[in-house]
Amino acid sequence: MKLYCLSGHPTLPCNVLKFKSTTIMLDCGLDTTAALYFLPLPLVHSPRLSKLPGWVSKDGAINLEKELKECSGRVFVDSQPEFCLPEKELLDLSTIDVILISNYHCMMALPYITEHTGFTGTVYATEPTLQIGRLLMEELVTFMERVPKAHAATCWKNKEIQRLLPGPLKDAVDVWSWRKCYSMQEVNSALSKVQLVGYSQKVELFGAVQVTPLSSGYSLGSSNWIIQSHYEKVSYVSGSSLLTTHPQPMEQSSLKNSDVLILTGLTQIPTANPDGMLGEFCSNLAMTIRAGGNVLVPCYSSGVIYDLLECLYQFMDSANLGTTPFYFISPVANSSLEFSQIFAEWLCQNKQSKVYLPEPPFPHAELIQTNKLKHYPSIHGDFSSEFRQPCVVFTGHPSLRFGDVVHFMELWGKSSLNTIIFTEPDFSYLDALAPYQPLAMKCVYCPIDTRLNFHQVSKLLKDIQPLHVVCPEPYTQPPPAQPHRSDLMLELQPPPMAYRRCSVLGLPFRRRYERIHLLPELARSLVPSEIKAGVSVATVSAVLQSKDNKHVLQPVPKPAPVPPSKKRKRVMEEPPEVLNPKPLLSGAVPLEPFLAMLHKNGITEVKVEETADGHILHLQTEDVLIQLEEDATHIICDNNEPLRTALRDLVLRFLQKL
Amino acid sequence: MMDSECLSLLPAVCLVLADPKQSPPDDTSLEKLLDWFKALHSQSNGQVLLQHQPCLLEFISSVCTSKTTDPAILSFTLNLTGLLAATTQGFHLLDEGGLLACVFEREAWGVCDLWEDASVRSGWLQGLLNMLKHQQALDFMCGNGLIKVILQLQNDRSLFVACLANQLLVHILNFLTSSNMTNESDVVGSSESSLRPDCVLVSSEIMNAVVEVLSSEDHPQVLQGLRLLSLVLSQCGEPIRSTLWKDVLVPLEVLVNRGSESLIQTLITVLEAAVRTPLLSQSEHKVEELLEAMLGDGNRKECFQCAALIVKLEKCPEVLKRKAMDIIMFPLQCVSTQPQAEKEINVVLKEQLSQKASCISLLMQSLSSLAQLAHAKYLFEDISIHSITSSVVLLLRMCSGHCPSSLLHINTFTHLIGCCKVQRCGLDTLGALSVYEENLDLRMNVFGVLLDYLQSPDSHATVLKKTFQAVKRWIVCSPFPDLLQFISHDLFPVLEKRMCDLRWEVRDSTLEFITQLTAALNDNSGFTEALHTSGMVSVLLSSLADAEGYVRASAVAAVREAVTASFHQTVLVSNSKLLEEALVQMMAILSQDTEGFPRRAVVQTFTSWLKGSHLVTALESSLSSVLSLGGNDFDWEVKMHTLELAEVLMEKTLTCCPYAVQNFGSSEETRFTQALIKFKDFGLFDLLFNSLFDCDRPVCERACALLVKLRTLTAETADLDHSVLVLNVCGNRWGDEVQRRYLNKQQAKASVCVTNGVTGSDDGMDCGLYCIKDISLPKILQILDLDDMQRMLMLSSDHVVNSPRSLMEDILSAAQQSEENIVDCY
């Protein structure tokens with residue numbers, strides 16, 4: 001059993017598990033942080049961005065004016081943003097049988113894996129994961145395609161040149177493997193390979209293993225997976241949450257008794273407690289609105305935004321901000337808000353019960369009804385005529401490199417009355433803000449990450465007791481910025497196996513058993529004999545048939561009656577001759593009674609010698625040696641066959657026959 | 001009068017109680033009955049009661065001899081007998097017929113097994129405790145060997161009984177030393193010889209028992225012995241105290257040195273009691289030595305508890321205190337100082353610090369002891385206050401996840417991150433440490449950590465509250481000019497954010513903090529100016545519309561202080577505008593707010609403003625609405641506060657009379673009349689009279705008191721012009737009541753006239769029988785029998801239900817009902 005690690009990112013995993021005869025990919029997350037090296041894509045022409053000076057090396061030797069632009073002392077690539085893909089060279093992606101998706105954030109690289117690689121397998125995901133994942137991909141594609149760039153910058157990637165570049169660009173790794181965004185056609189083709197599954201549904205893979213998604217409590221339809229054969233169990237935990245937010249709570253008990261637990265997707269901000277951050281979010285928002293400023297919340301169009309809207313729904317009235325409008329701007333805003341209301345069975349109990357009243361499970365329906373929340377596909381069109389300030393705008397993309405958020409950064413960045421509140425933990429907010437410097441607007445960092453923290457995970461592991469834990473390397477040491485926080489790492493016994501990008505781990509357990517079925521007629525013919533209390537043994541003669549990873553013992557076919565034909569058949573075609581097998585012996589030969597028995601049979605001169613494994617009996621008159629050992633008995637008797645037979649029979653008297 | 005009625009019911013009650021067929025009344029009824037007997041006993045003497053109520057003797061004997069007595073009734077009887085025998089006469093009456101022996105010797109009871117019931121044993125002890133008021137009682141107890149039984153009961157399995165037994169033993173010892181028991185001739189000496197010989201016998205029986213128990217190996221017995229010892233130390237005088245102490249010293253030393261963990265707490269209680277006695281100062285009594293032995297070398301678990309005790313002691317030898325200080329400071333220093341102190345850390349401490357629960361409790365003990373010392377402004381000698389304060393600051397930083405100075409304590413460190421208990425305790429201590437001037441240069445450090453706590457999104461609401469308290473203490477005691485920068489640049493923005501917090505508790509404590517700070521610094525022009533220029537005031541005003549009632553109430557208080565402060569600093573231009581805006585919003589709260597707290601706060605605000613001298617004229621226009629809204633509120637506390645406002649208004653007006661035009665030569669009387677006219681304009685009389693007939697008793701009581709005051713004043717002012725102050729009594733509730741009373745009085749007068757045969761046209765008569773509209777104030781005050789009303793209002797509202805008479809009636813009727821029920825069953 002082996003694990004191939006195609007991504008080292010702890011929360012955007014992409015691992016391949018080879019288990020029995022199957023090859024299973026676990027998630028395929030797309031690391032979009034590479035976009036931070038690129039200039040933002042403005043929706044509306046930005047004089048500021050277009051006037052940025054190009055970069056030329058100090059000695060003038062390298063001139064990349066067209067590809068690289070300088071902004072506040074940092075250099076950015078002026079091209080369509082690219083992303084860092086999972087490793088494609090570690091193994092042949094066409095050999096992958098299935099891909100298991102745990103949540104919609106962890107499937108964004110799917111088109112890169114399923115298209116143009118020869119992949120012929122199936123992707124398994126829950127319905128909300130598929131639908132919301134599709135929305136996120138669609139949004140990403142729209143963001144990119146709306147602002148096409150004529151040229152793709154590639155010169156800077158040249159190793160010799162990159163080495164000489166300033167700042168973070170110089171240190172960017174694997175830049176040649178970065179790819180630009182996929183197309184909608186590729187998205188559709190990739191998603192057509194998805195087969196929907198429900199929680200606790202058992203899916204057989206080639207009869208060899210069974211995979212089951214379990215609720216993980218992190219997002220709508222998010223799941224952990226159990227991959228098990230008859231005698232082995234691997235659990236895959238990715239992006240789970242124990243907090244009471246909108247999704248169904250996490251199912252923990254089914255994770256018990258795992259041989260291996262692959263643990264990914266813990267919180268990215270272990271020091272920030274989501275409740276505190278939510279409070280921080282609300283108070284900063286209220287302060288800004290009271291002072292007459294606008295609030296910009298760069299966020300994904302699904303997930304935490306539902307909780308934010310719910311929290312604000314209650315908070316705004318209590319803070320006397322009832323009239324402030326909220327705008328949600330995304331190409332998929334409408335679908336996201338509506339989808340959330342229809343996946344009732346995937347929601348927490350509290351929200352599910354609302355559906356029976358019937359009421360919409362999320363209060364944003366009411367916000368929309370009362371015109372407090374308005375959503376638009378883009379800043380163009382209706383929005384520009386209905387827009388009223390001060391207001392709160394939720395829009396993407398959280399990297400601030402593409403999407404409508406770029407426009408608001410240009411629009412509001414100059415006033416210190418406005419505030420940008422970062423709630424998504426995926427990007428460093430300082431890096432995200434870099435191309436907008438100098439910036440007058442206030443910045444607040446309230447990352448809300450509801451995934452498991454180290455305290456919760458160590459409690460969980462204590463509870464479910466897996467034999468071995470495999471996790472990304474960063475989880476095995478304290479965060480680099482806080483080396484003293486030994487509470488922010490996994491401390492387990494035995495220590496967890498850590499992986500990084502391109503690791504291949506041999507998982508530490510050997511398969512020892514396989515289940516084989518006996519056909520009833522064969523079973524009926526068995527004659528069990530009890531060898532000790534509760535244990536019976538029988539000999540079996542049968543034919544083993546293996547098909548579709550299932551093994552069946554069948555009775556040996558009877559020899560066909562000899563046909564009257566005189567023609568001789570070919571020897572090979574004759575069924576094997578069935579001999580009655582010799583009985584199997586069991587038991588031990590006790591020394592004293594055996595000596596007595598020998599004596600009775602006239603053998604009196606016996607010299608007994610004790611050895612490490614038993615005894616050697618020397619029958620001096622007959623010059624015969626009998627070695628009595630724990631698992632073997634030898635009679636060494638030259639040229640006296642009758643004596644040997646007699647002695648053998650004496651030994652056999654003490655043994656049981658099967 | 002009441003008692004005699006009850007006494008007439010007593011025989012019937014006794015019959016019911018003694019009737020084994022009746023189920024006994026509940027415990028509280030019996031307790032109340034005993035209370036009544038006690039009250040009766042303290043008024044008269046037992047002899048009278050027993051002589052006049054022979055039913056009691058019958059009751060007692062029948063209960064004791066009955067074969068089917070209920071334990072509750074027996075316990076009650078034991079208690080009662082003790083009470084009745086507390087006087088010598090009562091004792092003799094009971095003793096004559098041998099009844100006393102029958103009661104207190106359990107072999108004489110109808111059912112011996114009842115002794116097994118804990119309530120009976122407790123009643124037995126209580127009875128003896130009640131009885132032990134005279135020599136005969138003691139003789140009775142000694143003569144019948146009851147002391148031995150009491151000593152046995154000390155180890156009773158019921159804790160209540162054991163505790164009571166200890167109390168009784170202490171009572172006996174005390175009784176022995178009381179003046180009537182000692183030899184008058186030899187009072188001066190305080191040795192055992194001053195006790196009478198028979199007393200010596202009793203006391204030594206008890207003391208020997210204590211010594212024996214303390215030397216025993218039986219753990220629960222030792223525990224009880226120690227408990228008795230600490231009771232004796234704290235409750236008995238000489239010579240008992242020192243005699244017993246001398247006797248127990250040896251076994252006590254053994255126990256202390258053995259250091260058994262489960263005895264520690266009790267041993268400490270004993271030493272605590274000993275320390276509070278003069279024994280401490282007498283070296284032969286070795287109290288100090290014992291304390292020192294308890295401390296040991298600081299390498300035992302219990303030494304921290306003991307050190308915490310010693311540190312708290314007021315009269316304690318300095319050497320010992322310093323040693324205890326060292327021990328108590330150890331955990332704190334250990335966690336928060338540089339590694340060089342490391343080598344001194346003992347093993348036990350290290351182990352305790354590595355476990356979460358013990359680590360937290362040790363640190364909290366350390367911190368709270370420190371806070372206590374700081375409150376008393378203790379002078380630390382061995383350790384500089386500077387380093388202590390730094391340690392506390394460091395510890396607080398560690399609690400919020402900052403790196404400790406030495407990585408050696410990494411284990412302890414992880415226990416502390418986010419630990420609210422240690423945070424709260426540490427903040428308290430830090431606040432207390434603000435009293436030391438030596439800390440002045442650490443101020444910015446301290447404010448730094450406090451600000452971190454205020455800013456941290458993870459700070460718990462209770463932690464924030466403690467932080468606010470600490471900030472206030474440090475601000476108030478620091479020299480001001482340097483602080484202004486901190487307050488306006490660092491503190492105010494955080495407060496502004498906290499006033500938008502999701503948790504109402506946080507918004508509330510932030511406002512409370514601002515209120516306290518403003519009140520504490522209201523003579524500080526710099527602060528007041530910062531408050532106004534930083535925009536804090538407008539944030540406060542917007543908090544008046546908070547969604548949570550408690551927060552609105554706190555916002556009202558904060559605005560009140562801001563306005564008060566601004567009027568202290570007359571230089572500010574914005575005052576009148578602020579007051580105007582505040583008044584508009586507060587009146588809106590008083591008239592519309594759905595919750596009581598904010599409305600109460602508004603009325604209190606007016607009271608507070610009125611008490612101050614600056615604002616009186618500015619408030620005049622609002623006062624009448626406040627009085628009428630507050631008086632008609634449906635929350636009784638708002639009404640109470642409104643009456644308080646009325647009282648302040650009356651006091652202010654009558655003493656300095658700011659409203660009256662101060663004509664030269666205007667007499668006291670005219671001024672008084674003018675004041676009354678003013679009151680009438682404010683609607684003060686409407687308020688008072690309405691409140692007098694309010695449905696809430698405290699409101700009526702308060703209004704009544706104010707009216708009585710007013711009546712006294714009007715009576716004192718001889719030539720008051722009645723015609724000036726005529727009130728319309730028609731069309732309101734209080735007016736109708738006044739009219740009714742007026743008519744009643746007139747009718748009574750008329751009937752007297754008729755019986756006296758007086759006819760004729762008395763004009764008072766004629767108009768009296770008709771409804772009148774206007775009555776003068778003095779007349780109204782006269783018509784209302786205020787004194788009688790006040791007397792009635794003073795009685796608590798349940799005085800009828802709670803009387804012994806109703807208790808007895810209840811017992812009787814319950815018995816009757818149960819009889820009826822039995823009949824019904826057939």
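## A pocket, a sheet and an enclosed helix

Strand 6 (74–77) and helix 5 (167–171) of chain A each contribute at least two residues to the lining of the second largest pocket. Welcome to this structure, which is a predicted model. That second largest pocket has a volume of about 1300 Å³. Of the 48 residues lining the second largest pocket, A:His9, A:Pro10, A:Asp31, A:Thr33 and A:Gln268 are the closest to its centre. The table shows how the lining divides by residue class.

| Class of lining residue, second largest pocket | Number of residues |
|---|---|
| Nonpolar | 27 residues |
| Polar | 12 residues |

Seven strands of chain A make up an open sheet with mixed pairing, in the order 11-9-8-3-2-1-25. At its edges are strand 11 (194–196) and strand 25 (504–506) of chain A, each of which pairs on one side only. From one strand to the next, the twist averages 25°. Within this sheet, strand 2 (residues 15–19) and strand 3 (residues 22–26) of chain A run antiparallel and are joined by five bridges. For one of the residues involved, A:Lys18, the bridge partner in strand 3 of chain A is A:Thr23.

Finally, is helix 13 (residues 405–412) of chain A largely enclosed or exposed? Helix 13 of chain A is largely enclosed by the rest of the structure, because six of its eight residues are buried. Those buried residues of helix 13 of chain A are A:Val405, A:Val406, A:Phe408, A:Met409, A:Glu410 and A:Trp412.

Terms used:
Residues are numbered from 1 along each chain as its sequence is written. Chains are lettered from A and ligands numbered from 1 in the order in which they are written. This is a predicted model: local features need pLDDT of at least 70, side-chain atom pairs count only at pLDDT 80 or more; totals for chains, interfaces and linings use all residues. Side-chain values use heavy atoms; hydrogens and water are left out. Buried means under 20% relative accessible area, exposed over 50%, partly exposed in between (1.4 Å probe, protein chains only). Helices (H or I, at least four residues) and strands (E, at least two) are DSSP runs, numbered from the N terminus. Two strands pair if DSSP finds at least two bridges between them. Axes are lines fitted to C-alpha atoms, for helices over the stretch in contact, and angles run from 0 to 180 degrees between N-to-C directions. On a 1 Å grid over the protein atoms alone, a cavity is a set of points where a 1.4 Å probe fits but cannot get out, and a pocket is an open set with protein on both sides within 12 Å along at least five of seven lines; lining residues have an atom within 4 Å of a point. Grid points are joined across faces, edges and corners, and a volume is the space filled by probe spheres set on the points. Ala, Val, Leu, Ile, Met, Phe, Trp, Tyr, Cys and Pro count as nonpolar, Asp, Glu, Lys and Arg as charged, and the others, Gly among them, as polar.
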